[in-house]
Amino acid sequence: MVKVTIDDKTIEVEAGTTILNAARQIGGEVVPPAMCYYSKLTGSGGKCRTCLVEVSQGSEKDPRPMPKLVASCSTQVMDGMVVKNKTSQRVKENRDGVVEFLLINHPLDCPICDQAGECHLQDLSFENGSQKTRFEEEKRTYEPIDIGDKIKLHMNRCILCYRCVHVANQLTNQRVHGILHRGEHAEISTYIEKAVDNDFSGNMIDVCPVGALTDKTFRFKSRVWFLKPMDASCECSKCSGKAVVWMFGNEIYRVTARKDQYGEVEDIDGKTAWICNECRYDKKDLKNWTIEGPRKINRHSVISTNHYTEGKVEPKKLNS
Amino acid sequence: MQSLSNKSKVVSDKPMTFMERLYLPAVFGGMWITFKHLFKKHNTIKFPEKQRIFAPVYRGQHVLKRDEKGRENCTACGLCAVACPAEAITMTSAERKKGEEHLYREEKYASMYEINMLRCIFCGLCEEACPKEAIFLTDRLVPTEFERKDFIYGKDKLVESKENPIDISLRQHTGKRTEK
């Protein structure tokens, strides 16, 4: 076990833990945001640079600070390490810059995008960076394309986090899409218009932090804040069958996996509860699902507007 | 009981005097008041012919604007509906097809957009929430109707026509936040 201090909060974690995961064990304000790192996918992280933190003391033995900010998702903790995230001005300025770079080619089409309301880039740019843009050049643009018959790819919105590639690599037995070209020309594409039709390929919609990969069965149907997320389960031979159904009245508009506070698919019974394509796209009838109850949504999220997940609050009696 | 305000008249059934029984002085007194009003300034105006100038902050019937090329600005993002405290706005969105680029500005548009004018409280929050400068409140009055269903305004009543666009510049305070 090694001791690490993040934003004046000390915790003992196992050797080999990354700074980001140590911060997540503390929880709350000290957790750096992450756009590309996904704890359920091995090899993810290190690309978006939003999780950069300042290490003001390398370790107990070598207390010199690290000269540059380090990516907390891929840097392991050392005994006696002191990390600054929210308390560091350098980190704040750097994160503002990273957000600005991520938004260079990202279109501001949130009113159209299906991800709006649950988009990590939207949250990130709301919390960091300026409200104005300094970018005057043309953004790179692509036509939206279909990859497979159920997924729409908006390459304009992609921030190249590689999460979907990792999903295809690790969840399916054969990957038919990946990233072509380099640098600014890099784009996600399939192998010569090959359809993505593996049973678990739909999970790339869930892991996408922006609205680049969206569900075609839900495309432009509604906005997430008009829907009511409900925990539901079904009998499924391929996956755990535990999902969230997004309802409007008695209609199921879409089905997603259960996501935790970091937007990652939850572990249920020690296994990550990825859902299969049949559950995601085809089971849109209430008969297929057993509703367990309303999903707990953060009160500050736009999804929770006009939703009441808590039980009825009884009025207090006066003078009792 | 003693009156609190001393404004109420105490009723009595005293017998009337001779002058009161004549009635004529009271009748002429009343007619004199009526005659005086012929030369006084009128408090009312003849509405449809004459119209009052509205305050620059007046918020009346909504309009869904088109851009300079005549395409609908609204993309059915739902922010007006979520901002609406009276929950008067509903909409469904649809995807723009090839060949409809001259009708809708963005790739998504509102296929149905309804405002229930009986629910609307004309607070102007929809206008403030709109990111696409599509919905505005104007200085027009919502006309009266006989049926409740006629107060649910669809796109036919809300979207301005290409030929005579609705002028919104009369309202100087359009609710948009000024840049800081």
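**Note on the predicted two-chain model**

1. Helices (H or I, at least four residues) and strands (E, at least two) are DSSP runs numbered from the N terminus, and two residues are in contact if their C-beta atoms, placed from the backbone, lie within 7 Å.

2. On conventions, residues are numbered from 1 along each chain as its sequence is written, while chains are lettered from A and ligands numbered from 1 in the order in which they are written. Because the model is predicted, local features need pLDDT of at least 70 and side-chain atom pairs count only at pLDDT 80 or more, whereas totals for chains, interfaces and linings use all residues.

3. H4(A) is mostly covered, with seven of its nine residues buried; these are Arg163(A), Cys164(A), Val165(A), His166(A), Val167(A), Ala168(A) and Leu171(A). Which residues does Cys164(A) touch, not counting those up to four places away in sequence? They are Ile188(A), Met204(A), Val207(A), Cys208(A) and Leu213(A).

4. The largest nonpolar core has 71 residues, and Ile159(A) and Cys164(A) touch the most other members. Helix H4 (residues 163-171) of chain A gives the most to this core, contributing five residues. A second, separate core of 26 residues includes Cys77(B), Cys80(B), Cys120(B) and Cys126(B). A nonpolar core is a set of buried Ala, Val, Leu, Ile, Met, Phe, Trp, Tyr and Cys residues joined through C-beta atoms within 7 Å.

5. Chain A as a whole comes to six helices and 16 strands, and buried residues make up 38% of its 320 residues. Along its principal axes the C-alpha trace spans about 70 × 60 × 40 Å.

6. The domain assignment, which is automatic or from a database, divides chain A into domain 1 (2-101), domain 2 (107-215) and domain 3 (224-304). The C-alpha centres of domain 1 and domain 3 of chain A lie 31 Å apart.

7. Two loop positions may be worth a look. Gln174(A), in the loop between H4 and strand S8 (177-180) of chain A, counts as exposed because it has 7 C-beta neighbours inside 10 Å. Ala116(A), in the loop between helix H2 (89-102) and helix H3 (120-127) of chain A, is partly exposed, with 19 other C-beta atoms within 10 Å; leaving aside neighbours within four places in sequence, Ala116(A) is in contact with Cys110(A) and Gln122(A).

8. In chain B, helix H2 (residues 24-37) has 14 residues and reaches 20 Å from its first C-alpha to its last, close to the 20 Å expected at 1.5 Å a residue, where the expected span is 1.5 Å times one less than the number of residues. H2(B) is hardly covered, since the count of buried residues among its 14 residues is zero.

Definitions and conventions
A residue is buried if 20 or more other C-beta atoms lie within 10 Å of its own, exposed if 12 or fewer, and partly exposed in between; C-beta atoms are placed from the backbone.
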